[in-house]
Amino acid sequence: MKTKGMIDNRQNGLVGDALKAHITKGSKLSIAAAHFTLYAFAQLKKELAQIDEFRFYFTEPAFVRGDRSFNEWMKKNEAALYGVEEERKYKIELNQAYIARELAKWLKQKARVKSVVNQRIQGSLYHVRNEDGSQIGLIGGAPFSSPGLGYSNSSHFYFTHMMNDRDSSAQLLCQLRRFGKMNRRCKM
């Protein structure tokens, strides 16, 4: 099990496998990313069922209502919930209605979802904190989608750095909490 270093979703490990290896019963998972798709949820459903708490921060002003300049971004990101370009072929294989119902139930039970309001944040942040005190952080460009996790072919390279040292993980968690204070909660 890889605990630190570079992940490239090709030869040097997959972001999804790193999350699967480190999420345990009672984990707290925080993610800041541009996308959250049904397909990513489906890929990690078993692991996500074990966590106690989930925080997701959209790094683009995707679901904030009231500002006309964001309508195009909203439409793009709402559509991305059902899959990014590389995931389109999976629509046939996956029962979207069933997964969407499971996702909605899971989100109501475990999730706090927010979106940035007046800015865009480049890249993605992931943080897993376990009951035994162990934690990992991932910093890079991998969105919470099947290609971002490394589970579908993509023409994009998503380089992600994984770290497990206490200081770096604490700084990453602090940054994620800062997102939570300056952003708006999304309506479910």
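# Close-up views of a predicted model

**View 1. Glu 102 and Lys 45 form a salt bridge.** The side chains of Glu 102 and Lys 45 meet in a salt bridge, with N and O 2.8 Å apart; the term salt bridge stands for a side-chain nitrogen of Lys or Arg within 4 Å of a carboxyl oxygen of Asp or Glu. Glu 102 lies in helix α5 and Lys 45 in helix α3 (residues 45–48), so this pair ties together parts that are 57 residues apart in sequence. Helices (H or I, at least four residues) and strands (E, at least two) are DSSP runs, numbered from the N terminus. Glu 102 is partly exposed, with a relative accessible area of 22%, and Lys 45 is also partly exposed, at 31%. Here buried means under 20% relative accessible area, exposed means over 50%, and partly exposed is in between (1.4 Å probe, protein chains only). The model is predicted: local features need pLDDT of at least 70, side-chain atom pairs count only at pLDDT 80 or more, and totals for chains, interfaces and linings use all residues. Residues are numbered from 1 along each chain as its sequence is written, and side-chain values use heavy atoms, with hydrogens and water left out.

**View 2. Glu 53, Arg 55 and Arg 112 are linked in a network of salt bridges.** Arg 55 pairs with Glu 53, and their closest N and O atoms are 2.8 Å apart. Arg 112 forms a salt bridge with Glu 53 as well, the closest N and O atoms being 3.4 Å apart. Because Arg 112 lies in strand β4 and Glu 53 in strand β3, this second pair ties together parts that are 59 residues apart in sequence. Arg 55 counts as buried at 15% relative accessibility, whereas Glu 53 is partly exposed at 22% and Arg 112 is partly exposed at 36%. A search of the whole structure finds three salt bridges.

**View 3. Leu 107 and Glu 53 are 54 residues apart along the chain.** Their C-alpha atoms are separated by 9.9 Å. Leu 107 lies in helix α5 and is buried, with a relative accessible area of 13%.

**View 4. The largest nonpolar core has 35 residues.** A nonpolar core is a set of buried Ala, Val, Leu, Ile, Met, Phe, Trp, Tyr and Cys residues joined through side-chain atoms within 4.5 Å. Leu 19, Phe 36 and Phe 144 touch the most other members. At least two residues of this core come from each of α1 (15–22), β2 (28–33), α2 (38–43), β3 (53–58), α5 (96–110), β4 (111–115), β5 (124–129) and β6 (135–140). The largest share, four residues, comes from α5. In soluble globular proteins, nonpolar side chains tend to be buried together.

**View 5. Phe 144 and its contacts.** Contact means heavy atoms within 4.5 Å. Leaving aside neighbours within four places in sequence, Phe 144 is in contact with Ile 31, Ala 33, His 35, Phe 36, Thr 37, Ala 40, Phe 41, Leu 44, Leu 48, Phe 56, Tyr 126 and Leu 149. A second, separate core of seven residues includes Tyr 57, Leu 125, Leu 176 and Phe 179.

**View 6. Thr 37 is in the loop between β2 and α2.** Thr 37 counts as buried, at 0% relative accessibility. The side chain of Thr 37 reaches the backbone nitrogen of Ala 40 at 3.2 Å.

**View 7. Asn 9 has a positive phi of about 60° although it is not a glycine.** Most residues other than glycine have a negative phi. Asn 9 is found in the loop between β1 and α1 and counts as buried at 12% relative accessibility.

**View 8. Met 6, Phe 157 and Phe 159 make a nonpolar surface patch of about 330 Å².** Patches are made of residues with over 30% relative accessible area and no salt bridge, where like charges are joined within 9 Å and nonpolar side chains (Val, Leu, Ile, Met, Phe, Trp, Tyr) within 5 Å. Accessible areas come from the Shrake-Rupley method with a 1.4 Å probe; for residues, only the protein chains shown count as cover. Met 6 is in strand β1 (residues 5–7) and is partly exposed, at 41% relative accessibility.

Conventions:
A polar contact is a pair of N or O atoms within 3.5 Å; within protein, one must be able to donate a hydrogen and the other to accept it, and residues adjacent in sequence count only if both atoms are side-chain atoms.
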